[in-house]
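Subject: Structure handover

Hi,

Here is the structure I promised to pass on. Have a look at it first, and my notes follow just below.

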Amino acid sequence: MNLKTAILLCAAGSLAAIGLVSLDSTMVDGGDPNRLRTHAWALALGGGLGLAAALIDYRRLSRHGLPRILLGLSLAALALVLVPGIGEEINGARRWFRWGGQPSEFAKVAVLVWLANYAACHLGRMSHFQAGFVTPLLGSGAASLLIFVEQDWGTALLLLGSSVTMLTVAGTRPVYLGGAGLGGLGLLTILVRHDPHRWARLICFLDPERYQDGIGAQQWHGLLSLGTGGLFGGFFGSGRHKFGFVPEQHTDFIFSLIGEELGLSGTLLVLGLFFLVFKSGLSIAWGAGDPFGRFLAVGLTSLITYQALVNMGVVTCLLPNKGIPLPFISYGSSDLLCMCVATGLLVSIARHSPEPPAGQTPPPSPEDAAALERRSALHALPLGDEKRPWWKRISLRLGRVGARNAFRAARSYQRPPAPEPLTRETC
Amino acid sequence: MNTTRQYRVLALMGVAVSVFFGIVALRLVDIQVWRHDELRVKAERFTRTRRYSEPWRGDVLDCRGRTLATGLPVKTVYADLTVCSNRFEEVAAVIARPLGMTQGRVAEVMRKAAQGNGPDSPRAAKAILLQRSVPLWIWENLTNALAQADFGLPSEPTNRRQRLARERLRRRAVFARDDQVRVYPLTNVLGQVLGFVQPGPDAIGLKGAAGLELSLDSLLGGVRGVCVSEQDAAGRELPFARSQWTPAVDGSSVELTIDAAIQQSVERMLAAAVLRHEPRCASVIILRPKTGEILAWASSPPASPIRPAEGPIDIWRIYGLSDRLEPGSVLKVLVVAAAFEHGSATPDLPYFCEHGRMMFQGGALRDHRPYGTLTVRDIIAKSSNIGAAKIGLGVGPERLREVFLRFGLGQRTGLPLRGETPGYLPSADKLTRLVLARAAIGQGLAVSQLQLTLAVGALANNGRLMRPLLVKEVRAPDGKPSFQASPVAVRQAVRPAVAQAVIELMRGVVQPGGTGTAGQPRLYSAGAKTGTAQKANEHGYMRGAYTSWFVGFAPATDPELVVSVMFDEPRRGYYGGEVCAPLFGAVVDEVGPRLGIRADRDTARRVGNLASRGQ
């Protein structure tokens, strides 16, 4: 086990522990008294599933047509949940099986596995319109559409976002994705703008205080809850907004409870832990041995990260209110299982990434490479080189702009010993 | 496909997502540090509660322990819209009849309150006021009706959900808060002095609005209890977060010096006299000269504390306390007392009364009947203005003013009631000879009836001015007295011998030849002074508007009672000796035996005789 795996596991484990304690703190709100036990069992089950996922070779997932089977199964489950009698409707959303479980959570992982496999198989044709854009989007789009129909807009958009990230990494032209994204956004805006009620629901996050008696109540009280916490909050159990002020504070708005009870220190800790998950997930993708692993790692990391960011964005009123749980922390067995399996798969990918040959110094890490590059750029290149445009000269002098360094790091790390010239054909 | 591009995109994604992490972190700092105070205050508006518990208002008793005002426990009934939500009609059908409202009205109240909350509101109003002052037995009927109602649900619920819904409606749709209403068992006895109460703030509890209920509000009302705590979204208190809890302290009971039985009979007599003479307002004050205790204080027109809103608010003025009136001839006794005190006159000193008309300083002084030479004794008995003016001029302005002040004129008496007038006494530099002559016959200065009664009471008490007492005892809720009044002498107004001499003169007023013979009680010897003051407005004295006075005491040898009768602008008759005097005699005859005062005349102590009008 290497460092990034350890960091990933520690961060995820800490988040799950915080989640368990926070959930215990919400138990006083008079809801389901078995909630904490259910969550603990789900966590244990998730740990088992994650361990299993970590132990198997992730490359097995790409064999025997397994990805297609997974996609088919998830689509079938998503369709089944819409059938009355099998699915159950709660709060106007039809996304649960009557005997528990959300197929959309399972579908998230399955669709990403299928998409990663597809991209890896069609690596050479990913820049084509048909093979690199239409077909993969048909697969993940079908799942998203079904989730959309189940009134789970947040999850649908999240799945689409992860898919798009993965496809961008895999080589689909950003023009296609960007165009489709803009078109979809425009269409959505027109659809929502048409209905003033929905529009108000969408934009009420900008001023939740104005809508505090109606559609903005949850976000407004979440905001009050966060703000009450201050720097250090009270302590575990000191929250007051869990007594019915913030609806669903044990699921989607648990971040506000953490903010109230632990203050800024708690929220920044959670944010930092998610950043560690993201960072280690990205390193795993970076060091993955094959394209399938890389794409899968990208997809899973972005899934976890986006979900966390969107949830925290909703609670802090940066985004419109959509029911999205906070990974590892929120109450909700399906989501917890999904996140555990995703983490397990990431560990599996890390375990099976190529080790640097023994006796050799390992290749410099991206950070080191970036530092080297920056130093060489600052010292070796003539700063006043007239061939460079003025903005490049300035950025070189500054030398610390993150994007630039990251680019350089990426290039230096993967640059082959004998650099082949970049041509249009090889791209 | 080369991998370089993949890594570039990966790195780009890393940077972009890091930026989003940074945004969230900044936003968290914004919310939790920069806006912390603002949001905390706004949050406390929801989470913190301050609940008050109302104390029980103390009783008002008379000097013999009879209840003049007390409280009756009632309920204030509310509907909980969060529970009733979509079953307004059904709930209204159950509760309307016990509450004495129509079903439509109840449903309308609930519907209006629900609409006011906005269609999107997740939190319906907790408490909608349905009915105030609901008696306990009606509330019992109401809860019984609720406990058996089905609210349109099947009477035999088939599943758990239906049963729970029914139970919820039965138990929580309607609730009540304890409250009290003020009860005055003797209805409008002592109306103005008792005053009345109004609902307190937040429509719970009582608050004094006039009379003793207002001025003794801090004693009667007790102390509101407060509970500072936090609550959940449904408004239930979080007991562990309670930060302050002070229970309510019930109000004290107040025992007055008023005797309800005497008060009641005096009010009846006054009402009868008012029917005869039709004054604008009238008032009778009875006090014990030796202690200053006020035994009865009747006012007419009467005010009823039961329905204070009926009639003009003006009738809540206590006429004997708030009205500034010219004392007229009654003041002559104080002038004579001043003359005796300073030795400028003796009871048998003769004064020439100018045959009823005297030009003085450009004005005319008149007597109601022409007199020649009169002694001081006769000046008082016949109420000669000219004689009194001459006596006053003999005393001199400073001395006269000083004696008036010593008798308490021009100062508030300190009774625990609001709106007392200090009266008006011209300052020394304004006392020219003309003003002095007019002041000696009670013109150009103003008193309240209470002041005048106390001044005559001082004469009847060997010249010792007593502080008036209205509150005899204050009892804490546990029954222990926290205050007991004792008689307080304000000062010795004149020497006892002077007071005795003036009392002797005043006896002449009710004896044959005096102006107040109609006021002679049958059972008691008495002394008194009549007064008839022409009323003034800004243009001068008005024609046909008089204040009629009769202030006296009984028994004459050892005064136990001082009774003052004031009729303001009587429409039939105006002389004090004609309008007020009969009431004085009747009151003394009625009240004296009730107080166990020995009769010293026996003109009426016969049984079995036939009484006729001529007798």
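In this predicted model, B:I286 stands opposite B:A296 in β13(B). On another strand, β24(B), the residue opposite B:I286 is B:V563. Helices (H or I, at least four residues) and strands (E, at least two) are DSSP runs here, numbered from the N terminus.

β12(B) runs antiparallel to strand β24 (residues 561-568) of chain B, and 7 bridges join them. With strand β13 (residues 294-300) of chain B, β12(B) also pairs in the antiparallel sense, over 6 bridges. Pairing requires that DSSP finds at least two bridges between the strands. β12(B) and β13(B) form a hairpin with 6 residues between them, and B:G292 in the turn has a positive phi of about 85°.

B:I286 turns up again in the largest nonpolar core, which has 129 residues; B:I286, B:V284, B:V335, B:V336, B:A337, B:I391 and B:V502 are those with the most contacts inside it. A nonpolar core is a set of buried Ala, Val, Leu, Ile, Met, Phe, Trp, Tyr and Cys residues joined through C-beta atoms within 7 Å. Helix α19 (residues 496-510) of chain B gives the most to this core, 9 residues. The core lies between domain 1 (46-66 + 186-252) and domain 3 (260-304 + 319-594) of chain B, because both give residues to it; the domain bounds come from an automatic or database domain assignment.

What does B:A337 touch, leaving aside residues up to four places away in sequence? The partners are B:V403, B:L459, B:V494, B:V498 and B:V502. Contact here means C-beta atoms, placed from the backbone, within 7 Å.

B:V403 sits in helix α16 (residues 397-406) of chain B, where B:L400, B:R401, B:F404 and B:R406 are buried as well. Among the elements covering the buried residues of α16(B) are α13 (332-341), α15 (385-395), α17 (433-440) and β21 (489-492) of chain B. Just after α16(B), B:G408 takes a positive phi of about 90°.

For a contrast, look at B:F240, in the loop between β9 (237-238) and β10 (244-246) of chain B. B:F240 is exposed, because 7 other C-beta atoms lie within 10 Å.

Now the two chains. Chain B has 21 helices and 24 strands, and 44% of its 615 residues are buried. Chain A has 15 helices and 2 strands, with 48% of its 427 residues buried.

Where they meet, 42 residues of chain B are in contact with 52 residues of chain A. On the chain B side, α1 (3-34) and α2 (36-47) are the elements that give two or more residues, and α1(B) provides the largest share, 23 residues.

Some bookkeeping: residues are numbered from 1 along each chain as its sequence is written, while chains are lettered from A and ligands numbered from 1 in the order in which they are written. As this is a predicted model, local features need pLDDT of at least 70 and side-chain atom pairs count only at pLDDT 80 or more, whereas totals for chains, interfaces and linings use all residues.

Best wishes

Key
Buried ≥ 20, exposed ≤ 12 C-beta atoms within 10 Å, placed from the backbone. Contact = placed C-beta atoms within 7 Å.
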